[in-house]
Each structure stands twice: as structure tokens, then as C-alpha cells.
Amino acid sequence: MIRKRIVKDKLAHGVMLAMTLLSIVFVVVMAVGLYVKSAPVLENRSLWSLISSSQWKPMKGEFGFLPFIVGSLWVTFLAILISFPISLLTAVYLTEYARPVVRKFVFPALDILAALPSVIYGVWGMLVIVPWISDKVARHFVDFSSGYTVLAAGIVLGVMVIPLLVSLFIEVFSSVPAELREASLSLGATRWQTAKKVVLRKTLAGMLAATVLAISRAMGETIAVLMVCGCVIGIPSNILEPCYPIPALIANNYGEMLSMPLYESALMFAALILFVVVLVFNLLSRIILYRIERSEA
Amino acid sequence: MKVSRSKRTEEILFKVLMWIAMGIVFGFVISVIWTVFSRGAKAMSWDMITKLPGGGFYIGKEGGFLNAIVGSLYIVGASTILGLLVSIPVVFFLNVYLKKDSRLAYVARLAFDVLFGMPSIVYGAFGFTIMIFFGLRTSLLGGIIVITLLIIPIFIRSMDEATRNFPRDILDASYALGATRWETLKVVVRQIAPGIATATLLSIGRAIGDAASVMFTAGYTDSIPTSLSQPAATLPLAVFFQLSSPIPEVQDRAYAAALVLTIIVLLLSISGRFITNRFSKNKL
């Protein structure tokens with residue numbers, strides 16, 4: 001009887017260990033799979049020419065990713081520029097100032113923002129942001145803009161990133177011990193001074209990690225961006241021009257490219273770029289965040 | 001007293017800025033919800049959610065998007081069950097079988113963080129490659145597999161969070177009574193049940209709203225799939241594809257589908273909050 005229970009325990013241990021290991025291996029499998037698939041295009045062209053050329057002519061076998069990379073960077077940069085100050089101020093208020101009543105209203109609002117699917121943000125962007133840009137904003141700067149621009153994608157993406165940033169900031173800020181705040185307050189510092197000189201200064205690394213995570217989230221976002229970015233191949237010279245970020249490229253062309261092996265390989269290479277960026281960014285920032293969490297415990 | 005005045009001005013200035021920031025957040029929430037509801041309500045009708053696309057649906061004739069609703073439910077239902085089956089043991093393993101400072105647990109958590117952050121388009125592209133490798137075509141099965149892979153990290157991360165705060169004494173009490181670790185699972189599962197429930201709602205929300213991963217794996221069809229090898233339509237893709245049509249009637253259906261999707265997601269999110277609040281109150 002006892003032996004049976006122990007065997008069961010050991011068996012469960014084995015199975016669970018296998019499942020856990022499998023999930024770790026899955027990351028590797030994904031990397032290898034994407035690499036193998038993108039190998040043909042990497043053999044054909046040098047890595048440098050792939051990412052520095054702006055000639056995208058799949059039919060002629062020319063694959064220059066520069067427009068897409070620049071598009072992704074523009075959109076991501078704008079999204080962070082918009083979401084960072086809003087999220088930071090909101091998070092400071094929620095951790096340093098807010099009474100529980102306020103939190104009761106703000107948290108569900110952030111929950112909703114976090115829960116809404118990408119495609120809904122896309123719909124919102126097309127109905128609200130795009131017309132706003134083409135009717136109100138663009139006419140002050142250029143003759144005509146359809147509204148499907150870098151700016152539209154940046155705004156939509158910025159809104160999508162806010163809940164993630166706020167929750168990470170809150171996590172980081174609450175790792176600062178209460179005694180430090182009390183010491184600062186008892187010396188006569190105001191709450192904002194305490195936030196600025198104690199909390200923010202002490203959590204610089206954590207804030208950086210949070211921002212890097214948000215950047216990697218913004219870079220991979222597909223459908224919402226695809227719906228508002230305009231999808232015109234070219235390097236945007238200002239934020240009122242359309243762009244074509246990497247995820248949009250994959251989503252728009254996958255399925256069509258099956259007849260052309262090199263084209264498929266090029267799109268897999270695009271996925272590989274995303275994979276590598278997300279992997280590196282996530283590892284870096286998570287390791288920093290774990291350190292913070294540990295030092296707190 | 002000049003210093004103190006500037007101190008106070010700065011304090012007030014930043015307090016105002018914080019209020020503005022939160023106002024903007026609320027503004028965004030209200031704007032998104034209002035847009036989807038007002039535009040969707042105009043286009044909504046009973047036919048939309050009870051009928052399949054009829055002949056000439058895509059030139060604005062009769063029919064609804066029942067195919068997408070059912071397809072989404074099939075995919076989400078199956079992958080939620082599969083996801084739970086994989087993630088409960090993993091979470092249990094990380095928190096009970098492994099010691100607190102275990103190296104393996106650290107690496108595993110990092111791996112799940114990376115998978116959690118992976119964009120769904122990468123899952124989609126990778127999933128598609130795998131399917132081709134195994135000779136599968138776009139199908140319900142493909143969609144289920146990719147969505148399962150997509151939500152497992154979400155499941156694990158949020159359940160892990162709930163389990164980490166779980167009192168160790170209960171484990172010790174169970175061991176002291178002679179239970180093996182496997183038998184202690186029952187105790188743990190009961191303790192973290194609210195955590196599992198919230199994690200499930202969160203995962204369903206992500207699973208039902210994700211478009212990029214099912215685009216190439218589940219495909220799209222006008223009928224309800226009757227077997228795993230047939231393609232399946234999904235709600236987010238119903239919004240996406242119909243919105244790209246130039247015909248206003250077809251676009252209207254996209255807005256109606258967006259409304260349905262939003263209502264589902266909002267309900268999930270609200271009940272998740274409710275469960276968290278309800279049970280965290282009782283815990284103390």
C-alpha cells in the first residue's frame with residue numbers, strides 16, 4: 001500500500017518534470033524551427049544586406065527589410081513616448097497617493113484595457129484615431145493624409161501598452177520598503193519629493209526593465225497595427241506617412257508566399273527577427289525584475 | 001520660505017499631472033468601449049448571431065456570423081481544457097516539488113516569461129511551419145494547437161503568482177499527516193482554486209481575442225466545422241476580414257462581431273476581478 005503511494009508520487013514527479021522540461025525545450029525548438037526555415041534566405045543573402053537594403057521585390061528575389069525594421073522602430077518609439085509618461089504618473093499616483101477607493105476604480109479600467117483584443121483596438125483606431133488624424137491633425141502639416149499613418153499606429157499601440165506598463169511599474173514601486181518612504185516623509189519631504197528622490201531613484205533599473213518589456217510587446221503587436229498603419233512599403237520620413245512594421249508584413253503575406261520558397265524563407269526570417277528581439281529583451285528585463293523581487297524578500 | 005513654496009508648487013503640479021494621466025487612461029477606456037458599442041449596436045441584429053453567412057453574404061446580402069462564434073468557442077474551449085491539463089501539473093511541480101531557490105524553477109520561469117512575451121504572430125508563423133511539416137492544412141486542430149501553446153504561458157504565470165503566496169505551513173501539515181507530495185496536490189488545488197479560476201478567465205480572454213495566431217492555422221470558412229481537419233472561422237478574424245471589405249453592409253457585420261467579442265471579453269474581465277476580490281477578502 002505504502003509502496004504504491006510512493007511509486008505514484010515518483011511517477012507524478014517524473015511526468016511533471018518532463019512537462020516542465022518540455023516547455024523549456026519549446027523555446028529552443030521555436031528558435032531552431034524559425035532558423036531552419038529562414039536559412040535559405042540567409043544563405044542567399046548576407047545578413048547585413050537583408051537588414052540594410054530597402055529593396056523589397058519578392059518576385060525578383062530581393063528582400064530588403066530596412067523599411068519594415070524602420071517602420072517597427074518608429075511605431076514602437078511613438079507608442080512608448082505616449083504610454084511612458086501616462087503610465088508612470090498613473091503608477092506613482094496609485095502606489096504613493098491613492099486611497100483604496102481610487103484604486104477600486106482605476107484597476108478595473110486598466111483590466112479592461114488589458115483585456116480588449118488587438119482587433120478591437122484596430123476597430124477603434126480606424127473609427128476614431130485615423131479620421132482624427134486625417135481631418136484634424138494632418139491638415140496643419142501636410143496637404144493630405146489618409147490618416148493611416150505611423151502616428152495612428154503609435155497612438156493605438158501606446159494605449160495598448162499602458163496597462164502592461166502600469167502594472168509593471170506598480171510591481172516595481174511596491175518593492176521599495178515603506179520605511180524608506182516614511183523616513184523621507186518624516187524629514188519634511190512632500191509626497192512627490194519622496195516619489196521622485198526615493199522611489200523613482202531606487203527603482204531606475206526596474207523601470208528600465210519594465211520599459212524594455214513594453215517595447216518588446218509593442219514590437220510584436222500585429223492586427224491592431226496592421227489595421228491602422230497604412231501598409232505602404234517605404235521608409236517613412238515623418239509620422240504622418242504610412243509605414244509597414246514587421247508583424248504586419250508577416251500577417252499580410254503569409255499564405256500567399258507558399259509557391260516561392262525564398263519568399264517564405266524571407267517571411268520566416270522576419271519572424272525570427274521578432275523572436276530574437278523579444279527573447280533578448282524579455283530575458284534581460286525579467287532577470288533584472290527577478291533580482292529586484294529577490295532583494296525585496 | 002521661498003524653498004517651501006516651490007516645493008508646494010511642484011507637489012501640486014505633479015498631482016495635477018497625475019490626475020490628468022489617469023483622466024487620459026479613463027478617456028481611452030471610455031472612448032474604445034463607446035466606439036465599439038455605439039457602432040456595433042447600430043449594426044446588431046438577431047440574425048447576426050444566429051445565422052450562418054448566406055449566399056451573397058460578402059456583397060451585403062443576408063446572413064450572420066454564427067460560424068465565427070461557434071468556431072471561436074470550439075477553439076477556445078478545447079485549448080482551455082488542454083492548457084489546464086498541462087499547466088496545473090507544471091505549476092504544482094514548480095511550487096511543491098522544487099525547492100524555493102531551485103535553479104530549474106528559475107530557468108523554467110524565465111522560459112515561461114519569454115513565451116508569455118512572444119508575439120502571437122510568431123506563434124502563428126511557427127505553428128504554420130509545424131503544420132506543414134506534419135502535412136496538416138489550416139484546420140480546427142491547427143487552431144486549437146496554436147492557441148493552446150499561446151495560452152499555456154499565461155495560465156502558468158498567473159497560477160504561479162497565486163501559488164507563490166500560498167502558505168507553506170499547509171504543505172508541512174499535509175506531509176506531517178503522512179501524505180505524499182502527489183496527495184498534497186489535492187490540498188493545493190483546493191487552496192488555489194480562485195487563482196486557477198482567474199487564470200482561466202484571463203486565458204480565455206486572450207485566446208478568444210487573438211487573431212494573428214489563428215490567421216494561418218485555423219483559416220476561415222463560412223460553415224461550422226464538423227471535424228478537426230476542417231478549417232474554422234473565429235470572431236477576431238470575422239471582424240478583421242469583413243472590415244477590409246469596401247461594402248458598408250459587410251463592414252457593419254464587422255462592427256457587430258466586434259461588439260460581440262467585446263462583450264464576451266468584458267464579461268470575462270469583470271468576473272475575473274470579482275473572483276479575485278471575493279476570495280482575497282475571505283483569505284485573511
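1. Two residues are taken to be in contact if their C-beta atoms, placed from the backbone, lie within 7 Å. On that basis the contact between the chains takes 65 residues from chain B and 67 residues from chain A. Within chain B, the elements that give two or more residues to the side touching chain A are α1 (2-43), α3 (66-97), α4, α5 (120-133), α8 (181-191), α9 (193-209), α10 (235-243) and α11 (248-283), the helices being DSSP runs (H or I, at least four residues) numbered from the N terminus. The most is given by α1(B), with 18 residues. By class, this side of chain B has 47 nonpolar, ten polar and eight charged residues, where Ala, Val, Leu, Ile, Met, Phe, Trp, Tyr, Cys and Pro count as nonpolar, Asp, Glu, Lys and Arg as charged, and the others, Gly among them, as polar.

2. This is a predicted model, in which local features need pLDDT of at least 70 and side-chain atom pairs count only at pLDDT 80 or more, while totals for chains, interfaces and linings use all residues. Residues are numbered from 1 along each chain as its sequence is written, and chains are lettered from A and ligands numbered from 1 in the order in which they are written.

3. On confidence, the predictor gives the complex an ipTM of 0.90 and a pTM of 0.91. The mean pLDDT (the predictor's confidence in each residue, from 0 to 100) of chain B is 86, and 95% of its residues reach 70 or more. In chain B, confidence is highest in α3(B), at 91, and lowest in helix α2 (residues 46-50), at a mean of 78.

4. One helix pair joins the two chains as follows. The axes of helix α1 (residues 2-44) of chain A and helix α4 (residues 103-117) of chain B come within 9 Å and cross at roughly 50 degrees, which makes α1(A) oblique to α4(B). The contact is made by A:Thr20, A:Ser23, A:Ile24 and A:Val27 of α1(A), together with B:Val107, B:Ala108, B:Ala111, B:Phe112, B:Val114 and B:Leu115 of α4(B). By class, this contact has eight nonpolar, two polar and no charged residues. Axes are lines fitted to C-alpha atoms, for helices over the stretch in contact, with angles running from 0 to 180 degrees between N-to-C directions; under 35 degrees counts as roughly parallel, over 145 as roughly antiparallel, 65 to 115 as roughly perpendicular and the rest as oblique.

5. An automatic or database domain assignment divides chain B into domain 1 (2-43) and domain 2 (57-283). Six residues of domain 1 of chain B are in contact with seven residues of domain 2 of chain B.
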